[in-house]
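Please find below some points on this structure, for use alongside the coordinates.

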Amino acid sequence: ALHALGRAVVACPGPGEASIVRDHHPGVTMLEGVKLGAYGGLMRRASVVISNDTGPAHLAAAVDTPVVSVLGPTKPEQWAPWGPSVHVVRHWPRWPTVDEVMAQTEAVLHDATVSLHSLPSEGAGPRRERPVDGPPCTIARRPAPSRVEGPCATWTTCAACATWACR
């Protein structure tokens with residue numbers, strides 16, 4: 001589903017999990033045997049990490065990457081990762097559906113894009129250096145385009161990826 005959004009998907013399987021990725025998730029870039037430091041670096045550069053209540057979700061939250069934490073029959077106050085970038089998807093007593101998780105993921109990606117493309121305050125540098133697969137994001141002030149509707153008088157667009165954001 002993330003591929004349909006034009007997103008690359010990376011999996012770092014644990015011991016014995018590589019065959020699951022290979023057999024059930026075609027098109028996913030698989031990185032086996034990644035050491036913890038490199039794993040944290042990969043997570044830091046990710047647009048979003050989708051995980052259940054496991055260590056990877058906590059590591060992603062610790063490096064301030066948006067997390068969609070998928071919880072089933074567990075207590076979020078006990079097991080969910082903490083942080084302002086954590087978004088818990090839980091529907092007790094059942095597990096969330098793929099559609100519910102994707103809806104939350106799409107919202108997180110949208111919010112991250114708007115946040116990324118907001119102009120920094122005077123003298124402040126960019127919060128994160130994304131997108132990582134292209135040139136650094138640069139913002140140019142432009143009037144609101146006719147195809148974008150909203151309450152803004154001033155819109156910004158990233159010269160690298162042409163994403164519009166309200167400012």
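Two strands are taken as paired if DSSP finds at least two bridges between them. Strands themselves are DSSP runs of E with at least two residues, numbered from the N terminus. The model discussed here is predicted.

1. Pairing of β3 and β4. V49 stands opposite V67, a residue of β4. The two strands β3 and β4 run parallel and are joined by three bridges.

2. The sheet. Three strands make up an open sheet with parallel pairing, and their order is β3-β4-β5. The edges are formed by β3 (49-51) and β5, each of which pairs on one side only. On average, neighbouring strands of this sheet are turned by 15° against each other, with direction ignored.

3. Backbone at D64. D64 is a residue other than glycine with a positive phi, near 65°. The loop that holds D64 lies between α3 (55-62) and β4 (67-71).

4. Exposure of D64. Is D64 buried, partly exposed or exposed? D64 counts as partly exposed because its relative accessibility is 31%, and that class lies between the limits of under 20% for buried and over 50% for exposed.

5. Peptide bond at P93. Which residues does the cis peptide bond join? The bond links W92 and P93, and its omega is about 5°. P93 is located in the loop between β5 (86-90) and α5 (98-116).

Methods
Residues numbered from 1 in each chain as written. Predicted model: local features only at pLDDT ≥ 70, side-chain atom pairs only at ≥ 80, totals over all residues. Heavy atoms only, no water. Helix = DSSP H or I, 4+ residues; strand = E, 2+ residues; numbered from the N terminus. Buried < 20%, exposed > 50% of the residue type's maximum accessible area, 1.4 Å probe, protein only. Axes fitted to C-alpha atoms, helices over the stretch in contact; angles between N-to-C directions.
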